[in-house]
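Welcome! Please look over the sequence and the 3D view below, and then read on for a guided walk through the fold.

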Amino acid sequence: MREPRRTRSPRVRTGRAGSRRVGDPTLGPNLAPNPSFESGAAGAPQGWAPNPNTVPATFEWAESFGRTESASVRIVTTNGGLSAFATPGWRTPGAIPLQTGSTYRASVWTYTSDGGVGHVPAIQFFRADGTFLGAIGATHPSGLTDPDGTWVYKEFDFDISAFPGLADATHVRLIVVQDIFETVGTQTSVYFDDVYFGEILPGALVVDVDAKPGSDANHINCSNGREVIPVAILTTPDFDATTVDHRTVTFAGASETHVNRRTGESRRHVEDVDRDGDPDLLLHFRYGDTSLTCDSTEGRLSGYTYEGLPVEGSDALLVSARGRAPGD
């Protein structure tokens, strides 16, 4: 790309997209328009336009070739010559709003059959009045070599606060880029599909949960819907349980059963449950309000801290209708 100002690029990751685990970040709604290039008219995909960037290239809406659906976009470089920092791409003409203080992910899948190289997306930043501030992402040679005949996943994450020159940005434009730095003098082509641009949301923090503190078996009588199950979130060297907002916590779908009769608000119980000198958060749930059954072997707890960080945890259970188990 040719830009008035280039910033240092975030770390780039390539390969296959992984599956989410507890504690991994989750992704917000995809803000990229027409991300799989399925919509369009008159030979052009909706929400995207060619961005030659001074490079002689052919731009194609490939309506019969895609990674997950039937379409993608393609760039064929007709000239291997280079001008400074110039690479061709498909660009979103419309502005995408940017939320300050958030972390974002930009990703794309690329495909070549003739030695082409697809870069991570480039992100251009603008003020509210349209003033261009700078770009990150595909602003340097990628250093990649893409295998022929397979779709390759590429992503990078960024926090706008890491780039002081972009602090006033209110919106962005997204560009998927063919990296001709890596193929100088050779005509090559790259397909792009399944673009993503959106916020990274915090994954749930896994916390230590102790159902029925002091019990070894954690037995629950499933024939007694009124049984109250005490469950503790324990403070550890890495987590202060008292930062959890007790009003948000559920256990197997049930909320705290002890409430203020006047306000109806959940009561808060803080005590040193495991006697290690640190305060823990103790909650109480009525069995009949939970989704547990006589076949359940685990109880899952979830909630949020006062700062809005999601937390999750679980403990093994012995659920039966045979009265109390040994050790209870």
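Two strands count as a pair if DSSP finds at least two bridges between them. With that in mind, in this predicted model, Leu301 has Gly313 in β25 as its bridge partner.

Strand β24 covers residues 298-304 and is joined to β25 by seven bridges, with the two strands running antiparallel. Together β24 and β25 make a hairpin, with five residues between them. In the turn of this hairpin sits Gly308, which has a positive phi of about 90°.

As for β24, an antiparallel pairing over two bridges connects it with β20 (residues 250-251). Within that pairing, Thr250 stands opposite Ser302 of β24.

What is the order of the five strands in the open sheet? Reading across, it is β16-β25-β24-β20-β21, and the pairing is mixed. β16 and β21 (254-255) are the edge strands; each has a single partner strand, so one side of each has no neighbour in the sheet.

In general, side chains in a regular strand alternate between the two faces of the sheet.

**A sheet of four strands**

Another open sheet is built from four strands in the order β17-β19-β23-β22, and its pairing is antiparallel. Its edges are β17 (209-211) and β22 (269-271), each with a single partner strand, so one side of each is left without a neighbour in the sheet. Ignoring direction, neighbouring strands of this sheet are turned against each other by 30° on average.

Inside this sheet, β19 (residues 228-233) and β23 (residues 280-286) run antiparallel and are joined by six bridges. One of the residues involved is Val228, whose bridge partner in β23 is Arg286.

| Strand pair | Direction | Bridges |
|---|---|---|
| β24 (residues 298-304) and β25 | antiparallel | seven bridges |
| β19 (residues 228-233) and β23 (residues 280-286) | antiparallel | six bridges |

**The disulfide**

A disulfide is a covalent bond between the sulfur atoms of two cysteines. How many disulfides does the structure hold? There is one, formed by Cys222 and Cys294, with their sulfur atoms 1.9 Å apart. The torsion about this S-S bond is about 100°, so the disulfide is right-handed. The bond links distant parts of the chain: Cys222 is in the loop between β18 (219-221) and β19, while Cys294 is in the loop between β23 and β24, and the two are 72 residues apart.

The two cysteines can also be described by their accessibility. Cys222 has a relative accessible area of 12%, so it counts as buried. Cys294 is at 41% relative accessibility and so counts as partly exposed.

Is Lys154 buried or exposed? Its relative accessibility is 0%, so Lys154 counts as buried. This lysine is placed in strand β13 (residues 152-159), and a polar contact of 3.0 Å joins its side chain to that of Thr110.

Asp179 lies in the loop between β14 and β15. It too has 0% relative accessibility, so Asp179 counts as buried. Its side chain makes a polar contact of 2.6 Å with the side chain of Ser142. Along the chain Asp179 and Ser142 are 37 residues apart, and 6.9 Å separates their C-alpha atoms. Leaving aside neighbours within four places in sequence, the residues in contact with Asp179 include Thr87, Val117, His119 and Pro141.

Technical notes: Residues numbered from 1 in each chain as written. Predicted model: local features only at pLDDT ≥ 70, side-chain atom pairs only at ≥ 80, totals over all residues. Heavy atoms only, no water. Axes fitted to C-alpha atoms, helices over the stretch in contact; angles between N-to-C directions. Buried < 20%, exposed > 50% of the residue type's maximum accessible area, 1.4 Å probe, protein only. Polar contact = N/O pair within 3.5 Å; in protein donor to acceptor, adjacent residues only side chain to side chain. Disulfide = S-S within 2.5 Å. Contact = heavy atoms within 4.5 Å.
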